[in-house]
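I opened this notebook to keep track of what I looked up, beginning with the core and moving on to helices and strands. The model I worked from is a predicted one.

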Amino acid sequence: MTLGTPAEGWTRRSEEEMNVIRAEVERGAWVPPPPRHRAVSGVLGGGEDAAPFGTFGRSQVKERRGEVRPATFAYWNWALGHLLPFFADWPLTTIDVWAVDAYRLHKLEESEDRRRRLAEGRPRTDSLGRPLRPLSASSINKTIEVLRWLLSFAVEYGWTSDNPAAGKRRRIKVEKSPAPHLESAVQIATVLEAAAELDADPGWLIDERLAVVATLVLAGLRVHELSALRWGDLDFARSIIHVRRSETPAGLRGVRMLAALRGPLLRHRTRRGYPGVEELVFRTRRGGLRTKDNVRLRILMPVLAHAGELLEARNHASLPRGVTPHSLRHTFASLLFAIGEDPVSVMRQLGHTDSAFTLRVYAHSMSGGAGERKRLKELACYEAFGETPLVAAATPPVQPNGSRDSGHRIVGHLGSQQVVDSGSNAAESRL
């Protein structure tokens, strides 16, 4: 094994490293390092004298820096951080399907080693002393996809004749499960109720949780779109949210403002003292943009925790684990499909360009059949929501004989009293 050069201090450190490796070999826990090839200057079509992958990959990423968003450039560099320790000195012409499969196996073994050492309390660390986390199968596949993208340029430039990283067989099979989302009208209503209760609690410093969460659930905005909203983007006269700042052209769109969302937003505007059209709708206490982590940690997580307590106290099914701000976008799409929106309308309101993709990824089924769809329609059309202490609860009341009356619904609680609304037909006609 080549550990490093004397100039890097390995004359002194090699004995210590050898002892560590010897102990791991004896325990059967040692993971062999990736094979290394000699670095060469690079001759087009020169077999072993072809350009090394490391030089080629870095140059391709660097040349395209100005063509993409910073997040995309950071993503490419993240993938290179995994690819280069394995492939850096490989001549481009020597990378074949065997090499790609060897890389995939190496990353699996490396991740398992990291996972085991974390569990044992002796994690491997990076140059800054931070523990190295194992990569998931999906993350390993993402690095292979970047490898495929880089090698596609090698094919175009004539370095190689085919792309060994292409095809499903080079990837790890990943069992995909539906993204967690709110699964019923009861869960949606309870999450909104929890947000309203936290806003009303003087012990919390944030008073816009209901407006934020309602916008995520009932408008499906991405966090960066929500954070960039100005009051001039909200057309209350026509009940439209104009998304004018998005990361994709399709993201520039109009989203219909459901009645249940209009109330919380109007209440939020009143609390802010009718701000100017260029002022942010949602902002931190210091007036800055709310980031993805800020929305998740400061807004959503306390709301979900409180909603879980309310559901448990009412003997309802608990919330699914792993709900995130993006999960609420899935909930919005499911809500639109459940209340009868056509795929093209849902696609446009989500900011997509392919309705088939929208159906495939976002059309989760809300449980409960026709009765559940009716409750979702009633919840979406509850115009007084957020403007009074009442909170829409899409659960039909229990009658004295134990049955549920499908013609009535509980729309909220005031103290210990249930408030019942029998105007479901009117609400459905307004939708």
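Entry one, the cores. I looked up the largest nonpolar core, which has 62 residues, and found that Val213, Leu218, Leu234, Ile241 and Leu265 are the members that touch the most others. I then noted that helix H6 (residues 185-200) supplies the largest share of this core, with ten residues. Apart from this core I found another of 32 residues, which includes Ala51, Leu135, Leu147 and Ile172.

Entry two, leucine 265. Setting aside the neighbours within four places in sequence, I listed the contacts of leucine 265 as Ala211, Thr215, Trp231, Leu234, Phe236, Ile241, Met257 and Phe282.

I turned to helix H3 (residues 70-87) and helix H4 (residues 97-120), whose axes come within 11 Å and cross at roughly 115°, and I recorded the crossing as right-handed. On the H3 side I wrote down His82, Leu83, Phe86 and Phe87, which meet Ala99, Val100, Ala102, Tyr103, His106 and Lys107 in H4. Sorting the residues of this contact, I have seven nonpolar, two polar and one charged.

I looked up an open sheet of three strands, ordered E1-E2-E3 with antiparallel pairing, in which strand E1 (234-235) and strand E3 (253-256) are the edges, each pairing on one side only. Between E1 and strand E2 (residues 240-243), which run antiparallel, I found two bridges. Which residue in E2 is the bridge partner of aspartate 235? I traced the partner to isoleucine 240.

Note on methods: Residues numbered from 1 in each chain as written. Predicted model: local features only at pLDDT ≥ 70, side-chain atom pairs only at ≥ 80, totals over all residues. Heavy atoms only, no water. Core = buried A, V, L, I, M, F, W, Y, C linked by side-chain atoms within 4.5 Å. Buried < 20%, exposed > 50% of the residue type's maximum accessible area, 1.4 Å probe, protein only. Helix = DSSP H or I, 4+ residues; strand = E, 2+ residues; numbered from the N terminus. Contact = heavy atoms within 4.5 Å. Axes fitted to C-alpha atoms, helices over the stretch in contact; angles between N-to-C directions. Left-handed = near helix turned anticlockwise from the far one by under 90°. Nonpolar A, V, L, I, M, F, W, Y, C, P; charged D, E, K, R; others polar. Pairing = 2+ DSSP bridges.
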